[in-house]
Amino acid sequence: MLHRLTISELTARIARREVSAREATQACLDQIQRVDGRVKAFLSHDAGDALKQADAIDRLTASGTTLNEKPLLGVPIALKDVIAHQGQPLNCASKILGKFVSPYDATVVNRLKDAGAVVFGRLNMDEFAMGSSTENSAFGPTLNPWDTTRIPGGSSGGCAASVAAHECFASIGSDTGGSIRQPAALCGVVGVKPTYGRVSRYGLTAFASSLDQIGPFTKDVTDAALVTRAISGHDLRDSTSMREPVPDYRAAFNTNLKGLKIGLPKEYMIGGLDPEVDAAVRAAVKQIEGLGAEVVEVSLPHTDYAAATYYIIAPAEASANLARFDGIRYGARVDGADPFELNSRTRGQGFGPEVKRRIMLGTYVLSSGYYDAYYLRAQKVRTLIRNDFLKAFETVDAIVTPTTPSAAFKVGEKSDDPLQMYLCDVFTISCNLAGICGISLPCGFTASPRLPIGLQILGKPFGEPTMFRVAHAYEQSTAWHREFSPLA
Ligand code: GLN
């Protein structure tokens, strides 16, 4: 039952030499063997390399390395297929990368390894992180471990499902408009989108560079704080990463929330919100009040424009970022009579329909004549959205909302309706546009079928300490995090 432990439970045992990193890694590999045929979270995993890393950690432990030096000592952590891991495939769940293998490690991979983690596996996702259900993967969908007829959310569906099925102790994903928090909510795990600039994006395949941020999926808030700390900090290789110091987020943990003011935005608790989600979030707010926080209503008046703004800015940036997949520089190539034909055949066959839709949308909003009307205007609205948050944060320390409008839906239910799919992210998108931090954690279940519901806590720019404190106090006062999915 080793695979069921949290990171803090596992590392305590490894540090006491009761368990080895090899045993922990083998427990994950065995669990993958048992359940991944049903979950399909992993696109691939290199068991030999993982065990080799584990043996190296075990040698370090034998020579006296402590948890203080390596806080993730022997912890198997898996990666979304958008993060470079040297010598491993990197496909972004797309056909266009062909047999591409990463020539280098992303900064987050280096940091995880420095912290003692065993980094392994490629987790499924929506192609190039575009989607909310993992159905846009060129390699087929991942399924929700709570109900395998349902989607796990997206785009980091493999990350969320693998943690919910206890196939790894944590996973690392990316969040451009909700891709960590939304699948975390739908799979009943914890997911963090750090403040923009908190975690280096070096080695993350870019989707929308001004919105993308890397973050962890874990089984509880303590583990999320641990992993976030390990991967955060300035990096010379990412000029948008910030020099802000990285605290031990656990230092702010406290069982009561006295002295904190929490905002409940009136624009979020609206019609269209599933009644069971509404009830679970309201109960969570009561619980947070019971812990000593003062809860007040706040207004984020430009909330209604967030999705429209995002679906101009994100595709615009994507259309530029994805221009590099031209059949010449990376991965797959479909030959043609001349470079133009080669390029259009490669892209025509290599990209799936959602990626093509985004590239066309993005190219359109950036084209001369439309730039001012769409892209420039969206940038102005983005500033208004950010200002809404900065104003609210003048009076409150954190903001609480639902993570998603409803629980996990059926495979195929929304895949023919892009607009319905886009609306899965109405509550998560603003956080990326504003550059602030957010976490999703379990706050209940729907009655029948029994599916997880997520609570989102948003913090100020670099307000991770308070965000984690509120999340931890709430989590510890409930039993939701102790519920295991049927496939765990
Ligand atoms: N679902 C959103 C989209 O399709 C967000 C994706 C993400 O955060 N990567 O763009």
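The buried residues of helix H7 are Val221, Thr222, Asp223, Ala224, Ala225, Leu226, Val227, Thr228, Ala230 and Ile231. Please bear in mind that this is a predicted model. Helix H7 spans residues 221–231, and with 10 of its 11 residues buried, the helix is mostly covered.

Just after H7, Gly233 adopts a positive phi of about 120°.

I turn now to the ligand. Which residues are the closest to the ligand? They are Gly177, Ser179, Tyr310, Arg358 and Asp425, among 15 residues that surround the ligand. As for polar atoms, Gly177 has a polar backbone atom 2.6 Å from an oxygen atom of the ligand. For Gly178, a polar backbone atom is 3.2 Å from an oxygen atom of the ligand. A nitrogen atom of the ligand lies 2.9 Å from a polar side-chain atom of Ser132. On its own, the ligand has 290 Å² of accessible area, and the protein covers 99% of that area.

Finally, the surface. A nonpolar patch there is formed by Tyr364, Tyr370 and Tyr374, which together have about 280 Å² of accessible area. Of these, Tyr374 belongs to helix H12, residues 371–395. Is Tyr374 buried, partly exposed or exposed? Tyr374 counts as partly exposed because its relative accessibility is 33%, and the partly exposed class lies between under 20% for buried and over 50% for exposed.

Thank you for your attention.

Note on methods:
Residues are numbered from 1 along each chain as its sequence is written. This is a predicted model: local features need pLDDT of at least 70, side-chain atom pairs count only at pLDDT 80 or more; totals for chains, interfaces and linings use all residues. Side-chain values use heavy atoms; hydrogens and water are left out. Patches are made of residues with over 30% relative accessible area and no salt bridge: like charges are joined within 9 Å, nonpolar side chains (Val, Leu, Ile, Met, Phe, Trp, Tyr) within 5 Å. Accessible areas come from the Shrake-Rupley method with a 1.4 Å probe; for residues, only the protein chains shown count as cover. A salt bridge is a side-chain nitrogen of Lys or Arg within 4 Å of a carboxyl oxygen of Asp or Glu. Helices (H or I, at least four residues) and strands (E, at least two) are DSSP runs, numbered from the N terminus. Buried means under 20% relative accessible area, exposed over 50%, partly exposed in between (1.4 Å probe, protein chains only). A residue is near a molecule or strand if one of its heavy atoms lies within 4 Å of it. A polar contact is a pair of N or O atoms within 3.5 Å; within protein, one must be able to donate a hydrogen and the other to accept it, and residues adjacent in sequence count only if both atoms are side-chain atoms.
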